Every structure is written in C-alpha cells, then in structure tokens.
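Visitor: Please take me closely through one part of this structure. I would like the sheet, strand by strand, and then whatever connects to it.

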Amino acid sequence: MEYRIPEIRKAAELLKSKLDSLEDKRTILRAPELQALYDRIKPLPPGKARADFGKEVNTLRDELEAQVASSKFQTAKLAPIDVTAPFDVNIKPADRPNPLPAKYGSQHPLTAELELILDIFYGMGFSAVESREIDDDYHMFTSLNFPPDHPARDEYDTFVTDEGLIAPAHTSIMQNRVLKTHKKDLEAGKGIRFVIPGRVFRNEDLDARHEHTFYQLEGVYADEGINAGHLVATITAWLSNYFSKEVKIKIQPFYFPFTEPSFEFAASCPFCEEKGCSVCSYTGWIELGGCGMIHPNVFKEAGIDSRKYSGFAWGFGIERLVMLKYNIEDIRHFESANLKFLRQFS
Ligand code: FA5
C-alpha cells in the first residue's frame, strides 16, 4: 500500500520493519508509533485533511493486522512429519522416548519358519506367490465350486466390508488365479506347481488353537496324469524335510467343495514315533490340514480341460505347524508382542 501522507508513509515503513523482527507479531498493533498517529487525528481541524489522515491511519492498522494474521501460517520450516513414528518427530532428540533399537530386533518366528517351509518347496520345484488380504465373493466361493447359499459357506464365516469385499478365510482364494494364469504352462507341458502363503481371517471363538487372524499355506499342483498318490508323496516329502525325520502321512475322507475326493491329512507324530505323547494327545498322529484332488468344476472355471489334466491342492495352518514343532501351547502367543516369548526364537 502506498501512503500519500508523508508522516504516515514514514511510520508505515518503520512499523513494517519492526514487525519482521518481532517474535510476538500481535504487539505491533500496540506499537507507540501507531498510537502516536491516532493521537494526531483529534487535534486536526475537522474537514477533508482530517478525514484523509484518519482513513490512512486505519488502512495502515488493517494492513498490519492482515500481516499479523498471515504470519500465523508462516511457520518456521519443520522437518517432514512421519505419521508412523511412535513419537512426535518434532520433539527434541533428548526428550524422545527410547524404543528398543532395531539392532536388538529379530525375525518373528512365523516369518522364519515360513522362509524355511518355502525353501523346502523351492527345492521340490515349486514357485511361491503371495495370497491377498481382501477379495471378492467370486474367488472366495464361486470359483471354488460353492453353490450360492450352500451351507458349506458357513464354514468360512469371515469379515466383510460395507461394499461387500471379503477378508479371505483361506488361501484357496488363489486356486483360480494360479490355475488361470498358468494354464499356458500346462499346455506347454510344464505343469503347475505353486505354494501360496497368506494371512487369513475367520469369525472365531478364540482359544489356544483358534485365532481370528492366522496364516495358511496353500499348495496347487496340476499336470497330466496326477493322482492322490502324488498328493501323499508330496506332503510326505515336505513334512519329512521340515521335521528332519521320516514322517508318515495319513489321509481320511473329508468334504471341501473345491476338491473331489477331499481329505484331512495327519502326520505321524515326529516326537514319539507314533508311541503317543502329549504333543499328539497320545494318538501317535497329528492333524495338519485339508487336501484333495482339484474338483473338475474348479478346473472348468479356470478354463482348463479336466479330462486332460488333473491335480491336487492342500492347505494348512502355519501357526499350528510351528506350535507343534516348538511345543507352543497357545496360538495367541504369536501376536501377543510378548518379548519373553519372541526372544526364545531370536
Ligand atoms: C481350509 O481352509 C481349506 N481351504 C484347506 C484346503 C485347501 C482343502 C486346498 C483342500 C484343498 P480348514 O478350514 O480345515 O480348510 O483349514 C485348514 C487349516 O487351517 C486347519 O487344518 C488348521 O491348521 C488351520 N486353521 C483353521 N482355522 C484356524 C484358526 N481359527 N486358527 C488357527 N489355525 C486355523
């Protein structure tokens, strides 16, 4: 703003330069230089000169006020804020909480065991692909041969968003994707061999063996001439490797809409050679998961001719397997963030 009256112009320059150096900008509105201008209005004779003087003083005050207001937003340069930080990054380093330094952290036991499990499968010629944590009705049910309103859907009661998206209750949601994507490998005579780890969710009553959020590992194998013998041999080879000792596998009939025939599989107890111990509840056998021959309708949904190709799939809970291996009595330890528990594996 250009002030016409020299006295006001001079005061304006002075007040503006003063404002820059003030920490509390509001005090400029009480500056003696501004007050002196107001004091000058009253003694002036009534008329245009007095009105012009008063108008310019008010304009100067408005201008200063606007500058004070805008200065509130001209904050000093702050360090970028990391919203994931467990404390305000603007706190002086000396006043910050002292969390456990990263060098004392270690892999979570489930991560370490999953890496080991995957390594075994890589050695057997499998590839791995991760499952998903949000999905739709088609992959959760329809592509897996669950007819609409079929009671088997109740076995997989899980969390659903308002938009109808589903937190998957099992890693079998990936069967259709893997078969569809690698159909061309089958046709090229290569076969499909995939393992699929993933986090799954269920509406469960929680106890020592049931979590609402846990991990599964799915396996999908398809080629020409595959039968249940290949299924048993594959699971036996993997488990014997995992427990570093010969493990026998027992399958017994079960029902899953997406496999036919379907089985539950159990392993001979690696801790007592089937004699019976507390780990296997004195039965000599440990139930591990579900499996079966891929249902023709699942192949059909993926565009694969089930008269030419066959295959098997299985799924098991990773926590339950790791609990067995380390004799962990309660599944809830894994997500408890209890350092006493976690340090036993570091
Ligand atoms: C299934 O989830 C099938 N999708 C498995 C399958 C895959 C069958 C491919 C055939 C072909 P089931 O609901 O039984 O099946 O779960 C498999 C395993 O997940 C169980 O044996 C158990 O090890 C684990 N599991 C199931 N529910 C829980 C839970 N609430 N907490 C921890 N582990 C669980």
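Guide: The sheet is open and has 7 strands, in the order 1-2-3-7-6-5-4, with mixed pairing. Strands are DSSP runs of E with at least two residues, helices are runs of H or I with at least four, and both are numbered from the N terminus. Two strands pair if DSSP finds at least two bridges between them. Strand 1 (127-128) and strand 4 (249-254) stand at the edges with a single partner strand each, so one side of each has no neighbour in the sheet.

A word on the source. This is a predicted model: local features need pLDDT of at least 70, side-chain atom pairs count only at pLDDT 80 or more, and totals for chains, interfaces and linings use all residues. Residues are numbered from 1 along each chain as its sequence is written.

Strand 1 runs parallel to strand 2 (residues 192-201), and 2 bridges join them. A128 has V195 of strand 2 as its bridge partner. Helix 4 (residues 109-123) packs on the sheet here, touching strand 1, strand 2 and strand 3. Contact means C-beta atoms, placed from the backbone, within 7 Å. The direction of helix 4 makes about 165° with that of strand 2. Axes are lines fitted to C-alpha atoms, for helices over the stretch in contact, and angles run from 0 to 180 degrees between N-to-C directions.

Now strand 2 itself. Of its 10 residues, 9 are buried. Buried means 20 or more other C-beta atoms within 10 Å of a residue's own, with C-beta atoms placed from the backbone. On to strand 3: strand 2 and strand 3 run antiparallel, joined by 10 bridges. I192 stands opposite A222 in strand 3.

Strand 3 (213-223), strand 6 (285-294), strand 7 (310-317) and helix 10 (318-326) each supply at least two residues of the shell around the ligand. Strand 7 gives the most, with 5 residues. The shell has 23 residues, and H170, H210, G290, G315 and G317 come nearest. A residue counts as near if its C-beta atom, placed from the backbone, lies within 6 Å.

Methods: Contact = placed C-beta atoms within 7 Å. Buried ≥ 20, exposed ≤ 12 C-beta atoms within 10 Å, placed from the backbone.
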